[in-house]
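Subject: Structure for you to look at

Hello,

Here is the structure I said I would pass on. Please open it first and then read the notes below it.

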Amino acid sequence: FAEFLKRAAPDDWLFVYFEGHGYKTDADVPYLATYDVDDRVLGWKFDAVPNTIERYFKGSNAIIALDNCYSGAMANSVKKAKRRVAYAVFASSMASQESTGNWTFTEALISGFDGETWADDNHDGKVTLAEMGDNASQDMLFGEEQVSTIAFTGGFDPQTVIATAAPAASPRVGDRV
């Protein structure tokens, strides 16, 4: 991860995505369960992600998207210390919550980045990070009865446009019933 981060230029943005398993130790320390987890390797400590970004990434904006249990702990990790990098965190669950085994959250993020009509809340033809996060949160709440965590830190602009959306066929497109 550090070697990858070192290749970034000062104006680059970073996108980190993890889908899989997350867990907490008996001491309540959250980890991403990487492929090599065993009795000796605990995985990737949540705090290590922003700490490594801060150390090696030359850019100023990082998006971290997680679809796993306890993923909301990443928002806590980026808020824990004063950071040079501005973060947008999209997490499928709260820091204290397990996550569904479905792909609902990831699918909602993909819909936002793809510019799906229903991800454009205000029907202005643009999907922002805030709209994508709101749609993902609503999908998780209504579809999975789960609360997700969305956070923006360090002046990261939630109104950053990420996609162009086609006009809605009806003003009701995107409404949940």
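Helices here are DSSP runs of H or I with at least four residues, and they are numbered from the N terminus. By that count, S137 sits in helix α5, which covers residues 129-144. Please keep in mind throughout that this is a predicted model.

Overall layout

The chain has five helices and nine strands. Read from the N terminus, the order of these elements is α-β-β-β-β-α-β-α-β-α-β-α-β-β. The C-alpha trace spans about 55 × 40 × 25 Å along its principal axes. For 177 residues, a compact globule would have a radius of gyration near 16 Å, and the value of 17 Å for this chain agrees with that.

Of the 177 residues, 45% are buried. If you take the contacts between residues at least 6 apart in sequence, 71% of them join residues at least 24 apart. One example of two residues separated in sequence is R7 and Y56: they are 49 residues apart along the chain, and their C-alpha atoms are separated by 8.9 Å. R7 belongs to the loop between α1 and β1 (13-19). With a relative accessibility of 66%, R7 counts as exposed.

Surface and charges

The chain exposes about 9300 Å², and carbon and sulfur atoms supply 51% of this area.

How many salt bridges does the structure hold? There are six, and I describe three of them here.

- K6 and E3: their side chains meet in a salt bridge, with 3.0 Å from N to O. Both residues lie in helix α1 (residues 2-6), three residues apart, which is about one turn of the helix. K6 is partly exposed, at a relative accessible area of 37%, and E3 is exposed, at 54%.
- K24 and D28: the N to O distance between these side chains is 3.5 Å. K24 counts as partly exposed, at 24% relative accessibility.
- R172 and D175: the closest N and O atoms of this salt bridge are 2.9 Å apart. R172 has a relative accessibility of 53% and counts as exposed, while D175 has 44% and counts as partly exposed.

The cut-offs matter for reading these labels: a residue is exposed over 50% and buried under 20%, with partly exposed in between. R172, at 53%, is therefore labelled exposed.

Which residues of helix α4 (residues 104-114) are buried? They are T104, F105, T106, A108, L109, S111 and G112. Just after α4 comes G115, which takes a positive phi of about 75°.

Back to S137 in helix α5. Is S137 buried or exposed? Its relative accessible area is 17%, so S137 is buried. Leaving aside residues up to four places away in sequence, S137 touches S148 and I150.

Y70 is placed in the loop between β5 (61-67) and α3 (73-79). At 16% relative accessibility, this tyrosine counts as buried.

H123 is found in the loop that runs between α4 and β7 (126-128). With a relative accessible area of 34%, H123 is partly exposed.

Where to start

Then go to R7 in the loop between α1 and β1 and find Y56, whose C-alpha atom is 8.9 Å from that of R7. After that, look at S137 with S148 and I150, which S137 touches. Finish with the loops that hold Y70 and H123.

Regards

Note on methods. Residues numbered from 1 in each chain as written. Predicted model: local features only at pLDDT ≥ 70, side-chain atom pairs only at ≥ 80, totals over all residues. Heavy atoms only, no water. Helix = DSSP H or I, 4+ residues; strand = E, 2+ residues; numbered from the N terminus. Rg over C-alpha atoms; globule rule 2.2 N^0.38 Å. Buried < 20%, exposed > 50% of the residue type's maximum accessible area, 1.4 Å probe, protein only. Contact = heavy atoms within 4.5 Å. Areas by Shrake-Rupley, 256 points an atom, 1.4 Å probe, with all protein chains shown as cover. Salt bridge = Lys/Arg side-chain N within 4 Å of Asp/Glu carboxyl O.
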